[in-house]
Amino acid sequence: MSREAELHVRLLRNTPEPERAVATAARLCYSPAGVEEIDQRMDDAQVEKLVGKLVDLGHESPFEHASFTFGVEGVSRALTHQLVRHRIASYSQQSQRYVDASGDNGFRYIVPPSVRDDAQAYKRFTWVMERLADTYGRLGADVPREDARYVLPNAAETKIVITMNARELWHFLQVRCCERAQWEIRAMATEMLRILMGRFPLLFAHAGPGCVRGPCTEGTMTCGKAKEVKERFARMCEDAAPGDE
Ligand SMILES: Cc1cc2nc3c(=O)[nH]c(=O)nc-3n(C[C@H](O)[C@H](O)[C@H](O)COP(=O)(O)OP(=O)(O)OC[C@H]3O[C@@H](n4cnc5c(N)ncnc54)[C@H](O)[C@@H]3O)c2cc1C
């Protein structure tokens, strides 16, 4: 069995009718009516119009009332180290203290495309992985798992559950779908956005890197490919079928 893991992203749960949750919260701010009345009386067209207006105005706080929980597998510890820097979120990650990473024949790992595409680099990389797996297995017989794990590399595969509200998702997707983000977290963020665009276009059709909504926000660090990136995300939005995962 191959020990090379591949990215897998699933939307596990979300606030029921997240668009309505956002619209109700926003409407309440300007209405003398009660919460329940607003929630039940707004028709779908009104919800759509109001959410669109909030996106255009950049009125972000009502988006905090809609939460989304993703299950992610086949990512590296290098990725999750970057991910958990995002503080307005909740995480539960597979433990290297309690879970034996050996699996059937050694820990699973992520191979960067640049390594995969270079025969010699790939050979060196997999050679080291074999040695580390062997050492991890041997150490595990003598010392606690929490200490044996010190030899596991950044490439080691991990699994994580992520919950973010729609406001934090907008921020996360802006910085992590951008070409400046590292390839692996960019791939994960882009897959999250693809799923969200398919399921909740009202909330997420215009999310993604800053350049999809206007000029590049990265200043002198710009990738210089804003037009290409914008077109790519517009195509992704068109192709994301409703309910697409
Ligand atoms: C391309 C790229 C390169 C990076 N390189 C490095 C690097 O070299 N070294 C490094 O250490 N990190 C690096 N980072 C991580 C980066 O510095 C942030 O830690 C990470 O992106 C989390 O984003 P954040 O702090 O904006 O937002 P989050 O933690 O996601 O929070 C969202 C927003 O809430 C607000 N907020 C959250 N917490 C606070 C607070 N305590 N006080 C005030 N406002 C708050 C801010 O407006 C923030 O933007 C990099 C990130 C990217 C995208």
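Let me start with burial: a residue is buried if 20 or more other C-beta atoms lie within 10 Å of its own, exposed if 12 or fewer, and partly exposed in between, with C-beta atoms placed from the backbone. Y150 has 10 C-beta neighbours inside 10 Å, so Y150 counts as exposed.

Two notes on the source. This is a predicted model, where local features need pLDDT of at least 70, side-chain atom pairs count only at pLDDT 80 or more, and totals for chains, interfaces and linings use all residues. Residues are numbered from 1 along each chain as its sequence is written.

Now the overall picture. The protein has 245 residues, and 29% of them are buried. The C-alpha trace spans about 70 × 40 × 30 Å along its principal axes. I count eleven helices and four strands. Those are DSSP runs, numbered from the N terminus: helices are H or I with at least four residues, strands are E with at least two. Next, contacts: two residues are in contact if their C-beta atoms, placed from the backbone, lie within 7 Å. Of the contacts with a separation of 6 or more, 77% are between residues 24 or more positions apart.

On to the sheet. What is the strand order? It is β1-β2-β4-β3, an open sheet of four strands with antiparallel pairing. Strands β1 and β3 (89-93) stand at the edges with a single partner strand each, so one side of each has no neighbour in the sheet. Neighbouring strands are turned by 20 degrees against each other on average, direction ignored. For pairing, DSSP must find at least two bridges between two strands.

Let me walk across. β1 pairs with β2 (residues 67-76) over six bridges, antiparallel. In that part of the sheet, N14 stands opposite F68 in β2. Next, β2 and β4 pair over eight bridges, again in the antiparallel sense. V75 has T158 in β4 as its bridge partner. Finally, five bridges join β3 to β4, also antiparallel. There, Y91 has I162 in β4 as its bridge partner.

Helices on the sheet. α8 lies across β2, β3 and β4 (157-165), and runs at about 125 degrees to β4. Helix α9 (residues 183-199) also packs on the sheet, touching β1 and β2, with its direction at about 45 degrees to that of β1. On the angles: axes are lines fitted to C-alpha atoms, for helices over the stretch in contact, and angles run from 0 to 180 degrees between N-to-C directions.

Now helix α1, residues 18-30. Which of its residues are buried? They are P18, R20, A21, V22, A23, T24 and A26. What do they pack against? The partners are β1 (8-14), α2 (35-41), α3 (44-57), α8 (166-176) and α10 (201-204).

E17 sits in the loop between β1 and α1. Its phi is positive, about 45 degrees, although E17 is not a glycine. E17 has 15 other C-beta atoms within 10 Å, so it is partly exposed.

Domains next. The bounds come from an automatic or database domain assignment. Domain 1 is 8-92 + 158-239, and domain 2 is 97-155. Their C-alpha centres lie 34 Å apart. Six residues from domain 1 and four residues from domain 2 make the contact. On the domain 1 side, β2, α4 (77-83) and α9 are the elements that give two or more residues. By class, that side has three nonpolar, one polar and two charged residues. The classes: Ala, Val, Leu, Ile, Met, Phe, Trp, Tyr, Cys and Pro are nonpolar, Asp, Glu, Lys and Arg are charged, and the others, Gly among them, are polar.

The ligand. Which residues surround it? R85, H86, R87, I88, E168, H171, V175, R180 and A181 do. A residue is near a molecule if its C-beta atom, placed from the backbone, lies within 6 Å of it; the definition covers strands too. This shell has three nonpolar, two polar and four charged residues.

Last, two loops. Y150 has its place between α7 (145-148) and β4. Y150 and I160 are ten residues apart in sequence and 20 Å apart in space, C-alpha to C-alpha. T220 lies in the loop between α10 and α11 (226-239). T220 counts as exposed, with 4 C-beta neighbours inside 10 Å.
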